[in-house]
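Subject: Structure handover

Hello,

Please find the structure below. Some notes on what was found in it follow.

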Amino acid sequence: MSLVAACGESPDPGDDPRADPRDGARVALGARVYAQHCAACHGAKLEGQRDWRKRLANGRLPAPPHDESGHTWHHPDRMLFTLTRNGLVPPYAPEKYASDMPAFASKLADDEIWAVLAYLKSQWTSADVLAARAEMTRNAKENR
Ligand code: HEC
């Protein structure tokens, strides 16, 4: 899938301070925004929709988990921000890609989007995931 292909290409760092998972106030705001705007599709516990890898009858993909079982954590902060703000449009999805993921630019302030990301990141705690994200950030900085 295109989003996965985009994984290794992004030169963006994975640790934007606006999505700092150690900032309790931002995480709390993000949890509220998530419950209101994301949980219906991505799951109250970030578990995603059932059989999320299997296309629906209409050819679209279900909502993936945002917990460590998904691939959200493979992506740098800036890319997650852009995906949430603009939806699945170029450069991270093909032209005219059909998806149920809404664009949140008209519904959420940029700061609320960053807060949601802080919340998602606060749920990524396993050593493997944290090490992979730290490496992503290091590589991004070297390639800048
Ligand atoms: C109406 C259902 C729906 C809502 C509400 C929704 N999403 Fe999604 N989201 C999806 C679907 C479906 C996909 C996968 C689309 C695809 O791959 O074609 C997706 C994909 C994503 C991705 C890409 C994940 C990846 O690993 O590539 C991100 C990031 C994301 N959503 C964040 C959010 C956030 C943050 C919110 C709340 C502010 C939200 N979504 C609300 C349905 C939804």
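In which hand of crossing does α4 pass α5? The crossing of α4 past α5 is right-handed; a crossing is left-handed if the near helix is turned anticlockwise from the far one by less than a right angle, and right-handed if clockwise. Helices (H or I, at least four residues) and strands (E, at least two) are DSSP runs, numbered from the N terminus.

Before the rest, two points on the source. This is a predicted model, in which local features need pLDDT of at least 70 and side-chain atom pairs count only at pLDDT 80 or more, while totals for chains, interfaces and linings use all residues. Residues are numbered from 1 along each chain as its sequence is written.

Helices α4 and α5

The axes of α4 and α5 come within 10 Å and cross at roughly 125°. That makes α4 oblique to α5. Axes are lines fitted to C-alpha atoms, for helices over the stretch in contact, and angles run from 0 to 180 degrees between N-to-C directions. Angles under 35 degrees count as roughly parallel, over 145 as roughly antiparallel, 65 to 115 as roughly perpendicular and the rest as oblique.

On the α4 side, Asp77, Leu80, Phe81, Thr84 and Arg85 meet Ile113, Trp114, Val116 and Leu117 of α5 (contact: C-beta atoms, placed from the backbone, within 7 Å). Buried residues of α4 are Asp77, Met79, Leu80, Phe81, Leu83 and Thr84. A residue is buried if 20 or more other C-beta atoms lie within 10 Å of its own, exposed if 12 or fewer, and partly exposed in between, with C-beta atoms placed from the backbone. After α4 comes Gly87, with a positive phi near 80°.

Helices α2 and α5

Helix α2 (residues 24-37) and helix α5 (residues 110-122) have axes that come within 7 Å and cross at roughly 100°. The two are therefore roughly perpendicular to each other.

The ligand

There are 25 residues around the ligand, and Cys38, Cys41, Ala63, Ser99 and Met101 come nearest (near: C-beta atom, placed from the backbone, within 6 Å). Both α3 (39-42) and α4 (77-86) supply at least two residues of this shell. By class, the shell has 15 nonpolar, eight polar and two charged residues. Ala, Val, Leu, Ile, Met, Phe, Trp, Tyr, Cys and Pro count as nonpolar, Asp, Glu, Lys and Arg as charged, and the others, Gly among them, as polar.

Ala40 is part of helix α3. Ala40 counts as exposed because it has 10 C-beta neighbours inside 10 Å.

Regards

Note on methods: Contact = placed C-beta atoms within 7 Å.
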